[in-house]
Amino acid sequence: MSTIELPPKYYHDNFEYLLSFVKDKYADLLVESEWRFLRKYYTLPEDAQCLFIRFTNRKGLFFKVSTLKYAEIEDIPGNLEILKTRGFITPLNFEDHQLWLNELLALLTRSELVGAFGLRELKTAKKEEITGYLRASLSVEEIIHVISSSFPLVKVNFEEEVSFLKFLFFGNRSMDMTEFVLRDLGLVQYYKQHDDHLVARFTTRKEAEDKWLVSEQYLVFAEIKETYGPEQVFDWYCSFRDAHRQLSPVAVPAFQKLQLNIGRHLERCKAYDLAIELYDDAQVPPARERKARCLARGKFYDEARAVCEEMIVSPYNVDEQYFAEYFLTTLSGKKNRKQTTEWLKEADEITIGAEYRHSVELGSLEYFLEQGYSGAFSENFSWRALFGLLLWDIIFDPSLVAFHHPFQRRPSDLYLPDFYEKRRVQVQQRLDNFRDPDELVAGLWETFEKNFGTANPFVVWDPEIWGMVKVLASRIDLPALRKIMETMAENLVENSRGMPDLLIWNETHYELLEIKSPNDTLSNQQLFWLKTFRDLGVNARVLRVRFS
């Protein structure tokens, strides 16, 4: 296998591509500060550009000049001077950097701090003790003066502009320039879309800023929940909510997820009244379930019943429906057994060796292999693979305006409510295309071979996965398969999970098995699929195990 070697200034090519892409797709969204950065950047010599890019690709804002060593950049001191003169970096000083004390102390090692401040008596102390001592003993100005005298440090500028340009390119803050390297080294294959088919993720500046703002709140929440009590956390949340009631739709899913995270934190703090108020705001599951539980803990039983009745009338998903039915009966003081418990009670049972106590699926698979079956761990993998292979070109169709940069593993609307509605006609036509199992298997295999290795959210490119897809496609009746695929498409968030653990088969029979140990429970989503399979005539059941 040949080793791929990247050109010395590969990162410069990548950064230039990113800037060109953003200018092309977002020219009407950029503001003056971003255009100013671009104008100044393009006037730099190439080596100075490279050094600046090296800074922006590393973590942190401050860098030790003495540690800068890049073989492809000639005259690093000279290029540092160019960057300083043109405002791309600033040497450490109190006036400009007094608010960055935490970052400065984090940058230096324990031994560096001991040496710079002459703290021999603390040379065996932990770094946290040393930084605490410095904060208590010296002013911020004194600390920065000692650090700048001991270590030539520079701070990179234009951090906000560069970060936002990268955000516009990727559409999120979780991806970075590493994606280019993974692709160029052949470690990840992305679905190839021509740049002309890629469209801007954000159509207005407000959309981009709203999404950016919400992503920042995750960082704020992570910090304040460790410092402040539940009342202060809730006040912070209310202030943000009230100031941003008109969030763009593209930012709403991330905000809803943040709401759920804050609600669970308030519950853990036993601030149930605050959690109830927050869950009232949230419009996504499991907010109503959590609200009902909090109401019950606060002994507001009538209100909890009302929430359960609302979920029964109009459930968001099967988890809400089954929970509400069970919890409503429980609130009435009646003896109640969950439907999931009833299914477990009626399940068949097998005996496996005690050595499988912590791996019951493996023990159950071995049990059936010894009986002459073939089998594998199917769970959600096989069904998601079947779904992805069957609808591959529909999922990756560029005409549906869901691809925004060359490193997307999935369309941006994949888990949004309108994913299926936008593709309903194409999906239905595809499901009706195949008239017999052999034709279906041949079509799936053609897609598997053609796209092997391409990064995507559905198919794991493994021969064993293909083997299970082939069994499902050839053994299950086509009308049942069509209904299963349609059910998954209608709600991919919920209905692409909860599938049975094992798929076993021989020449005349196949079966999907949900394996449960003596202390295990059946989830609502697992029950949903078991009922669906039963109604469609698919061989699926729960199997309890006991140990010899």
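Predicted model: local features only at pLDDT ≥ 70, side-chain atom pairs only at ≥ 80, totals over all residues.
Residues are numbered from 1 along each chain as its sequence is written, and side-chain values use heavy atoms, with hydrogens and water left out. Local features need pLDDT of at least 70 and side-chain atom pairs 80 or more, while totals for chains, interfaces and linings use all residues.

Take the helices to begin with (DSSP runs of H or I, at least four residues, numbered from the N terminus). The axes of α21 (residues 379-390) and α25 (residues 463-475) come within 9 Å and cross at roughly 75°; these axes are lines fitted to C-alpha atoms over the stretch in contact, with angles running from 0 to 180 degrees between N-to-C directions. The two helices are therefore roughly perpendicular (65 to 115 degrees). On the α21 side, F381, S382, W383, A385, L386 and L389 meet I465, W466, M468, V469 and L472 of α25, contact being heavy atoms within 4.5 Å. That contact has ten nonpolar, one polar and no charged residues (Ala, Val, Leu, Ile, Met, Phe, Trp, Tyr, Cys and Pro are nonpolar; Asp, Glu, Lys and Arg charged; the others, Gly among them, polar).

As for aromatics, 48 pairs turn up, with ring centres of Phe, Tyr and Trp (its six-membered ring) within 6.5 Å. F167 and F202 have ring centres 5.4 Å apart and planes at 20°, so this pair is stacked (under 30 degrees). F167 sits in α10 and F202 in the loop between α11 (178-184) and α12, 35 residues apart, so the pair links distant parts of the chain.

Key
Parallel < 35°, antiparallel > 145°, perpendicular 65-115°, else oblique. Phe/Tyr/Trp six-rings, centres within 6.5 Å; stacked < 30°, edge-to-face > 60°.
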